[in-house]
Amino acid sequence: MPESIESILEALAPHLRSELNCLGYSAHSPDGDDLLQEIRIRIWKALKDREGEIQYLNAYVKKVVFSVFINEVNRLRRERQLISVAENRQRLENEGKEDCSGSDEVLKKIIVESLTALRGAKRRVIELRLEGFTLAEIAQLNDWSISMTCNNYYRGIKELKHGLANKGIYYED
Amino acid sequence: MDWQIKGFTMKTNQPQIAEVYRAYLVERQVEPGVGCPAPEDLVQFATQGANRKARARIMEHVSNCPDCALVLQSILRLSGEIDKLTGKAEAFQRCPQDEVLGKRERVRLIPGRRAAVAILAGMIGLTIITLSVIRISDRPVIRGTARPLIQLLSPKQGTTYPAEDIKFKWEAVPKAARYTVELFNRSLEKVWRSGPVSNAGTELPAEARGIIFEGETYFWRVTVVLEDGAELISKLAEFSIRK
């Protein structure tokens with residue numbers, strides 16, 4: 001395998017592992033090095049088939065990495081579906097026993113109500129931001145300009161602040 | 001406490017709201033993975049884009065599904081890393097990928113019959129409006145005054161400056177009471193905000209220079225408060241710091 005591809009894969013390995021960890025990559029999963037090895041083998045096979053030359057290296061590396069990544073995500077989803085059945089049963093059993101303070105519940109209810117009262121692009125951008133996307137990512141994913149995303153975000157925050165203030169909650173910047 | 005003096009009973013902030021929102025989404029989820037787009041579709045969407053309808057459908061789902069949001073974020077980050085490592089600056093490459101991945105579907109550039117009719121109707125409408133405006137403009141009637149626009153002079157859109165030379169300048173706005181300058185990073189997070197400025201220009205203070213980095217891209221804008229209390233906000237201008 002050419003050195004350049006080897007160095008790309010070496011540099012990519014920690015990122016791939018970290019992303020899978022974020023998604024709930026567990027100890028039961030195959031070792032991260034195995035995944036990397038699988039990527040290496042696929043690229044090596046491709047190089048062999050194409051006489052050592054991959055024309056669109058960027059796209060090919062992406063194709064192989066995402067193919068391995070997709071398999072892992074699908075496997076994690078299957079695992080989680082099985083676990084969720086047990087968790088739901090546990091949650092139903094514990095529902096009556098939970099000791100949540102009243103003010104916390106009220107605060108949660110008001111926050112969710114104020115968020116769902118937002119409309120259109122302002123709501124979309126606030127929801128995505130709360131889920132951890134950066135404003136630049138939100139702009140790219142929605143095919144919006146950066147200015148439009150920025151304006152909708154700050155207007156949405158302003159409306160949210162106003163909505164919370166009407167219900168007696170102070171939003172701290 | 002300041003917020004209690006103002007008559008509020010509770011206080012919150014963005015991390016708490018994010019936590020509450022995520023918990024709300026998880027509680028609402030009947031069974032994880034059910035109704036979610038396949039990871040293959042998310043990869044295709046993040047790396048090659050999608051048409052308007054599919055984009056709206058996926059983004060509607062992602063904004064209400066914490067699992068898919070995490071997968072999409074991972075895909076974006078991995079895609080960005082691969083682009084960086086293989087020497088491609090842009091994260092959203094389209095054409096070469098289509099060829100290699102063997103995708104036959106492409107965005108249709110030729111409008112369909114409906115689109116053609118809509119364009120024709122639009123052009124006729126535009127002609128009628130233009131003719132009406134020409135007729136109306138013959139009458140010497142003044143219908144109020146338009147709000148002035150704020151022209152950003154320096155740093156100009158798309159330029160590169162050494163960190164020590166950054167001086168924010170803009171065209172003075174008539175009847176302006178005060179101005180405020182805001183600086184955002186590449187992710188459009190606010191990194192600096194000036195105090196009230198009375199002139200049409202200000203410098204980045206020495207203590208704020210520590211938060212800007214060489215080779216990075218930044219955005220800036222000006223907010224003006226007029227004498228009547230109205231606020232005007234300029235467009236964002238992008239500039240980079242020289243290495």
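Predicted model: local features only at pLDDT ≥ 70, side-chain atom pairs only at ≥ 80, totals over all residues.
Which residue stands opposite B:Ser154 in strand 4 of chain B?

Residues are numbered from 1 along each chain as its sequence is written, while chains are lettered from A and ligands numbered from 1 in the order in which they are written.

Now the opening question. B:Ser154 stands opposite B:Lys169 in strand 4 of chain B. Strands, like helices, are DSSP runs numbered from the N terminus: helices are H or I with at least four residues, strands are E with at least two. Two bridges join strand 2 of chain B to strand 4 of chain B, and these strands run antiparallel. Two strands pair if DSSP finds at least two bridges between them.

Both strands belong to an open sheet of three strands in chain B, in the order 2-4-7, with antiparallel pairing. Strand 2 and strand 7 (201-203) are the edge strands, each pairing on one side only. On average, neighbouring strands of this sheet are turned by 20° against each other, direction ignored.

B:Ser154 has another feature: its peptide bond to B:Pro155 is cis, with omega near -5°. B:Pro155 itself is in the loop between strand 2 (152-154) and strand 3 (159-161) of chain B.

Staying in chain B, strand 5 and strand 6 (residues 190-193) are joined by three bridges and run antiparallel. Here B:Glu182 stands opposite B:Arg193 of strand 6. The hairpin of strand 5 and strand 6 has five residues between the strands, and in it B:Leu188 takes a positive phi near 60°.

B:Lys175 also has a positive phi, near 65°, and is not a glycine. Its place is the loop between strand 4 (167-170) and strand 5 (176-184) of chain B. Is B:Lys175 buried or exposed? It is exposed, with 10 other C-beta atoms within 10 Å. The cut-offs are these: a residue is buried if 20 or more other C-beta atoms lie within 10 Å of its own, exposed if 12 or fewer, and partly exposed in between, with C-beta atoms placed from the backbone.

Next, chain A, starting with helix 6. Six of its eight residues are buried, and the helix is mostly covered. The buried residues are A:Leu135, A:Glu137, A:Ile138, A:Ala139, A:Leu141 and A:Asn142. What covers them includes helix 5 and helix 7 of chain A, together with helix 4 (52-62) and helix 5 (66-85) of chain B. After helix 6 of chain A comes A:Asp143, with a positive phi near 60°. A:Asp143 lies in the loop between helix 6 and helix 7 of chain A, and counts as exposed because it has 12 C-beta neighbours inside 10 Å.

How do the helices pack? Helix 6 and helix 7 of chain A pack at an angle of about 120°, with their axes 9 Å apart. Axes are lines fitted to C-alpha atoms, for helices over the stretch in contact, and angles run from 0 to 180 degrees between N-to-C directions. The residues of this contact divide into seven nonpolar, one polar and no charged. Ala, Val, Leu, Ile, Met, Phe, Trp, Tyr, Cys and Pro count as nonpolar, Asp, Glu, Lys and Arg as charged, and the others, Gly among them, as polar.

Helix 5 and helix 7 of chain A pack at about 90°, with axes 8 Å apart. These two helices are therefore roughly perpendicular to each other, a term for angles of 65 to 115 degrees. The residues of the contact of helix 5 with helix 7 of chain A divide into five nonpolar, three polar and five charged.

Last, the two chains together. 56 residues of chain A are in contact with 51 residues of chain B, where contact means that the C-beta atoms, placed from the backbone, lie within 7 Å. Helix 3 of chain A gives the most to the side of chain A that touches chain B, with 17 residues. By class, that side has 32 nonpolar, 12 polar and 12 charged residues.

The chains also share strand pairing: four bridges join strand 1 of chain A to strand 1 (residues 10-13) of chain B, and these run parallel. In that pairing, A:Glu172 stands opposite B:Asn13.

Technical notes:
Contact = placed C-beta atoms within 7 Å. Parallel < 35°, antiparallel > 145°, perpendicular 65-115°, else oblique.
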